[in-house]
Amino acid sequence: MASAKKDNVFAVLSLSGGNDGLNTVIPYTNGLYRDYRPHLGIPADKVIPINEELAFHPAMAPLKTFWDEGKLAIFLGIGYPHPSYSHFRSMDIWHTCEPVQVGVDGWLGRAIQEIDPKADNVLTGVNFGRGLPRALAKAGVPVASVGDLETYGLLTDIEGQDQRSQALDVFARMYGPTVGTGYALSYIRQTGIDALKGADILATAPGKYTSNATYSKSTVGGYMKNIAQTHLANFGTKILYTTSPYNGFDTHANEAVLHNNLWTDVSNNVRTFFDDLRGHNASDNVLLFMFSEFGRRISDNGSGTDHGAAGVAFAVGEHVKGGIYGTYPSLQPSEQEEGGNLKHNLDFRSVYATILEDWLGLSSAPIIGGRFDPVKFLN
Amino acid sequence: MTDQNVALMAHLLRRAGFGASRAEIEAKAAQGYDATVEELLNPESQPAIEEDLMYRCHPAYNHSGAIQVNVQEWVYRMINNPRQLQEKMALFWHMIFCAGHSKIDSGEEMARMIAMFREHGMGNFRDLLMRLSTSPAMMYYLDNTESHRVAINENYGRELLELFSLGVGKDEDFNYSEADVKVCARAYSGWSVAPAYPPFPYGRSPWEFRYDPADHDDSEKTFLGETGRWNGEDIVNIICKQPGTARFLSRHMYNFFVADEVPVPSWRMTPPKDKAAIAALEKAYFDSGYEIRAMLRTLFTSDFFKADSARFARVASPAEMVAGLMRTVGEHRGEIKPGIFQISEEPKYMGMDLMNPPTVEGWHTGHEWIDSGTLVERINFASEYLGQTDLPGVKALIDRLTAQGPRLSPEAFVDGCIDLVGCLNVTGSTRQSLVEHAQRQGELRHGTDAERGEFTRRCGEMFQMLASTGEFQFC
């Protein structure tokens, strides 16, 4: 039975652009897969079999090792009713859990508020990447958004260590409490002090970090390393988030090459990430979730695939009960989602419910907008 | 000390445009305030942006389907359009008549909508509402394409009243009833979009508005107390006559051009900050027969706009922050060169994803632009550019400081920077912190090469520190 612990940490790697689920977890023995993927089908002798029916993309060997350890959950047919084929809208739905109305708050923003209602720790949630994903947005919830951990901070363009630290001194004084300045300026000053505090703490993470792990030089590699550094620095960060390069998984053309590169990068870095944490004896309380806003069209278009509906998602962690959750959506024409797409059979909010309840110890219904049957993928 | 005419002109150009270089501000101040207001209000009196040049250097801007390219073109226009108020009005309407790419999924349609705001944003409000109601992007965004004579979808009908014209209410009363919403939606049945092709594999083709009389509910309806066989156009005519519409538009203009107001949902119960100002704008609306230009003229020539209390009384939106800085420092102006794409992504990092507002209710403005993430982005972006002492606009500021005499006391130096960076209003405690910092480094001179190098460095550093102040977040 999974037990939520206070120091549990949840990390997300969002695969932006719409990952081709059909070529990620491949129904390699299904004749229809061969029919629909004349150009992009992965030959049966190249795939990495999971069982008699399903196999990983050949680039996912490092991820397969988690499967062998029994620490990888594969979510099949994951999605939501009435799929949107727009990147933005569909990502918003995954972020806000609002598939009908357009929502403003993110599910993890709400979760951070529940974990740290008074915002005592300005680093309860940290995002890596420029701009805050909607998942983490919530008024009154401070979330640091870090473009580059090595150089993160205020006034980073001031050259010279002394000059910059003097400027930050002046900053701290200018942002200090003053009376009678009006609400907006006082609010901005308080926010500035929070930001400075967060930046000061975060800036110490790279210095505290020693490791033999070799992440790749890619964006995903850099940010997975930053997530490890922040986690290992023990700042009390509970939610860590990053996104692969924007719309990188949007493989309308040249998918055979691109998709292979994308998964090589993701699989290697996720493997490195857990090895890194294990090397520091710090992996036990970490759960990593990977998802994409939608899957792709069942038929290939000759060179790539177009926007689709249900896709695949993954969870990795020491407390993950390795296995397959959800069922592979049928490729039979009569059972497809409108437009030649895979029909979802597992609502993403069911997976969120488990993460919130069983990992973070929060009540899920207010955060994801209702009750969803949890998927029991945690030990 | 700041010349008051210059400070007033800087205020006007920040609000009616995206700011200007110091030299431009002074030139306009010399030309006179009222003459500048008229120039702004009559864009055709100014040269247009050089579209030929823009499209030649950025062929991708022409009918691009990609949203990022359209946002980039818009930010380029904000920085470079000599007809600044046109561009500011495009932003004004985009922040009220919200439609977003997240649903529309066509960069070209988003850009067409913004172009419509640019072209007609200072015209007649009745005309603008008709253009909005026949905008294919808006019809699709608010599901009017799903509204049929036999199955009404109320989305556009409701938002037209609640968010685009009347507002929920004023003076604690309601401006319309639920029955009015239903009638309004019925009047718009049959207002739709010609079949939109799916985006793949060839990309979207332009959409067209289409009115289908067979799908329109032509029955008699009572809307806001008037009975007839109303169609969408009749609804617009009735809406424009309402005092609620005048109030709603006036408060939006006040919030956008004068001072931050409480959020829109509070307007029914919370009276305007400045009732007399709102009354003057309402009067201009009716006296002119709903002319937006007339309201703007009243606003920009009024005492409530010129007053000290209106200066820096709004938190700058990210678009104002980014375009304003580029105009001040003279980067990406005129010269077309790489890097404008990265600049155009900045507002998004600061919480304003242009052409993709979070919901139909738009962005929350005022202090809600600021959180610990967006504040870091704003400060670092502003200090990055104001610290580049070789940029033409920054260099010009340093030249002016140099011209103030062979020696500059720390106090005079700080005051000169505060003035030159944008006639800022900084609090006494902020000024004191900056003066103490300048005092530690002593008097400034620029007689020798070494002194000139240090002078330039200290100017750049002081500009960066000013860019980091809380006060700099206002506009």
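Me: In strand 8 of chain A, what's the bridge partner of A:Asn127?
Reply: Keeping in mind that this is a predicted model, the partner of A:Asn127 in strand 8 of chain A is A:Tyr241. That bridge belongs to the pairing of strand 6 (residues 125-128) with strand 8 (residues 239-243) of chain A, which run in the parallel sense and are joined over 4 bridges.

Me: And how many bridges join strand 6 to strand 7 of chain A?
Reply: There are 3 bridges between strand 6 and strand 7 (residues 144-146) of chain A, again with the strands parallel, and in this pairing A:Phe128 stands opposite A:Val146.

Me: Are the faces of strand 6 in chain A covered or open?
Reply: Both faces are covered, with A:Gly125 and A:Asn127 buried on one side and A:Val126 and A:Phe128 buried on the other. In a regular strand, side chains alternate between the two faces of the sheet.

Me: OK, switching to the interface: how many residues of chain A are in contact with chain B?
Reply: On the chain A side 43 residues are in contact with 40 residues of chain B. Helix 6 (183-203) of chain A is among the elements that supply at least two residues to this side, as are helix 3 (87-96), strand 7 and helix 5 (161-174), and helix 6 gives the largest share, with 11 residues. By class, this side of chain A has 23 nonpolar, 12 polar and 8 charged residues.

Me: Last one: what do the buried residues of helix 12 in chain B pack against?
Reply: The buried residues of helix 12 (residues 178-187) of chain B, including B:Asp180, B:Val183 and B:Arg186, pack against helix 11 (155-165), strand 5 (221-223) and helix 13 (232-241) of chain B.

Terms used: Residues are numbered from 1 along each chain as its sequence is written. Chains are lettered from A and ligands numbered from 1 in the order in which they are written. This is a predicted model: local features need pLDDT of at least 70, side-chain atom pairs count only at pLDDT 80 or more; totals for chains, interfaces and linings use all residues. A residue is buried if 20 or more other C-beta atoms lie within 10 Å of its own, exposed if 12 or fewer, and partly exposed in between; C-beta atoms are placed from the backbone. Two residues are in contact if their C-beta atoms, placed from the backbone, lie within 7 Å. Two strands pair if DSSP finds at least two bridges between them. Ala, Val, Leu, Ile, Met, Phe, Trp, Tyr, Cys and Pro count as nonpolar, Asp, Glu, Lys and Arg as charged, and the others, Gly among them, as polar.
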